[in-house]
Amino acid sequence: MTAIETGEKAAIEKYDKVLDDYASHIDHLALLQRQRTGILEALKEIETYHLRLVR
């Protein structure tokens, strides 16, 4: 696992914690969900690219 993957996974974990308590962030819920989705999609691309390099 690369440092980028580690960082992206850490960011997703933090978003998950914030989204678990969505009531206190209801005004920004859609934005937070979009940002989390963007990070997750980027992580999947990074992991796919990394797997191609390893092969």
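Helices here are DSSP runs (H or I, at least four residues), numbered from the N terminus.

**Model.** I am working on a predicted model, where local features need pLDDT of at least 70, side-chain atom pairs count only at pLDDT 80 or more, and totals for chains, interfaces and linings use all residues. Residues are numbered from 1 along each chain as its sequence is written, and side-chain values use heavy atoms, with hydrogens and water left out.

**L19.** I listed the contacts (heavy atoms within 4.5 Å). Leaving out residues up to four places away in sequence, L19 touches L29, L32, Q33 and R36.

**Salt bridges.** I required a side-chain nitrogen of Lys or Arg within 4 Å of a carboxyl oxygen of Asp or Glu. The count is two. D16 and R36 meet at 2.4 Å, N to O. D16 lies in α1 and R36 in α2, so the pair ties together parts 20 residues apart in sequence. K9 pairs with E47, the closest N and O atoms being 3.6 Å apart. K9 lies in α1 and E47 in α2, so this pair ties together parts 38 residues apart in sequence.

**I4.** I found I4 in helix α1 (residues 3–20). Its C-alpha atom is 8.3 Å from that of L43. I4 counts as exposed at 53% relative accessibility. The classes are buried under 20% relative accessible area, exposed over 50%, partly exposed in between (1.4 Å probe, protein chains only).

Technical notes: Helices (H or I, at least four residues) and strands (E, at least two) are DSSP runs, numbered from the N terminus.
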